[in-house]
Amino acid sequence: MSYNYNSHNEFPQNVRGITAPGELDINATHFSNAILLQIRLNGEMNCTLDVTRTGLRPVEQDVMHRPIAGIEGGELKAEDDDEEDEEIFIRDNLSDYNVHIRLGDPNDPKLPVIATQIAELYQHVIIPTLQRGHGIPDDPSSLDIMITLSSKIWSRGDSTDEDFSKLVFVLKCIKEMYQQC
């Protein structure tokens, strides 16, 4: 059995950074072992990514109670100057995911970042709020996410501020899609 979620949005021109109108269609289908997410810009998709939770941190570890900003062991504390040689380990939470680009430009450095941000949204916001039985298994850490999207959303310009605004808008649209149902 599968569960479907759909959303249709217009890219605001101040977010998009171009003058042409942009329609953002999002479709999510939940199966017992995977979530298929399609993100279309004006009906186009040209890239497929497979995101699994087999990164550097073992899946068994509790990822719901991570420290803020990835700092292991709590907050950074002011140290005496004589202890400058001690290193502080800072955890990269995005390394918990393994991203495989199935279709699209494997040299695009933005795609893995986009995919891991979407996976983080699912892992920490969407999956905990959905009821079991809506395509969410008893062990949600075993879910794979297959993302098919239009990389043209992020290929229009070199501004990282624009790219960040676009990513935040897409994440907001995904979150709102689930709140509507």
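This report describes the fold, core and selected residues of a predicted protein model.

## Model and confidence

Local features are given at pLDDT of at least 70 and side-chain atom pairs only at pLDDT 80 or more, while totals for chains, interfaces and linings use all residues of this predicted model. Residues are numbered from 1 along each chain as its sequence is written, and side-chain values use heavy atoms, with hydrogens and water left out.

The average pLDDT (the predictor's confidence in each residue, from 0 to 100) is 78 for the protein chain. A score of at least 70 is reached by 66% of the residues. Residues 67-76 have pLDDT below 50. That stretch still has 13 contacts in the model beyond near neighbours in sequence; a contact means heavy atoms within 4.5 Å. Where pLDDT is low, predicted coordinates should not be read in detail.

## Overall fold

The protein chain holds 3 helices and 6 strands. These are DSSP runs numbered from the N terminus: helices are H or I with at least four residues, strands E with at least two. Their order from the N terminus is β-α-β-β-β-β-α-β-α.

Of the 181 residues, 40% are buried. Buried means under 20% relative accessible area, exposed over 50%, and partly exposed in between, with a 1.4 Å probe and protein chains only. The accessible surface is about 10,600 Å², computed by the Shrake-Rupley method with a 1.4 Å probe; for residues, only the protein chains shown count as cover. Carbon and sulfur atoms hold 50% of that surface. Among contacts with a separation of 6 or more, 70% join residues 24 or more positions apart.

## Nonpolar core

The largest nonpolar core has 38 residues. Such a core is a set of buried Ala, Val, Leu, Ile, Met, Phe, Trp, Tyr and Cys residues joined through side-chain atoms within 4.5 Å. Ile 39, Tyr 122 and Ile 174 have the most contacts inside this core. Two or more residues come from each of β2 (23-30), β3, β4, α2, β6 and α3. Helix α2 gives the largest share, 9 residues.

In an α-helix, with 3.6 residues a turn, residues three or four places apart point the same way.

Val 170 lies in α3 and has a relative accessible area of 0%. Leaving out residues up to four places away in sequence, Val 170 touches Phe 11, Leu 24, Ile 26, Ile 39 and Trp 154. Its C-alpha is 9.9 Å from that of Asp 25, 145 residues away along the chain.

## Asp 50 in strand β4

Asp 50 sits in β4 and is buried, at 11% relative accessibility. Its side chain makes a polar contact with the side chain of Arg 102 at 3.1 Å. A polar contact is a pair of N or O atoms within 3.5 Å; within protein, one must be able to donate a hydrogen and the other to accept it, and residues adjacent in sequence count only if both atoms are side-chain atoms. Beyond four places in sequence, Asp 50 touches residues including Asn 98, His 100, Asp 144 and Met 146.

## Two loop residues

Asn 42 is in the loop between β3 (34-41) and β4 (47-52). Its phi is positive, near 50 degrees, in a residue other than glycine. Asn 42 is partly exposed, at 39% relative accessible area.

Ser 142 is in the loop between α2 (110-129) and β6 (144-149). Ser 142 is partly exposed, at 42%. The C-alpha atoms of Ser 142 and Thr 54 are 9.4 Å apart, across 88 residues of chain.
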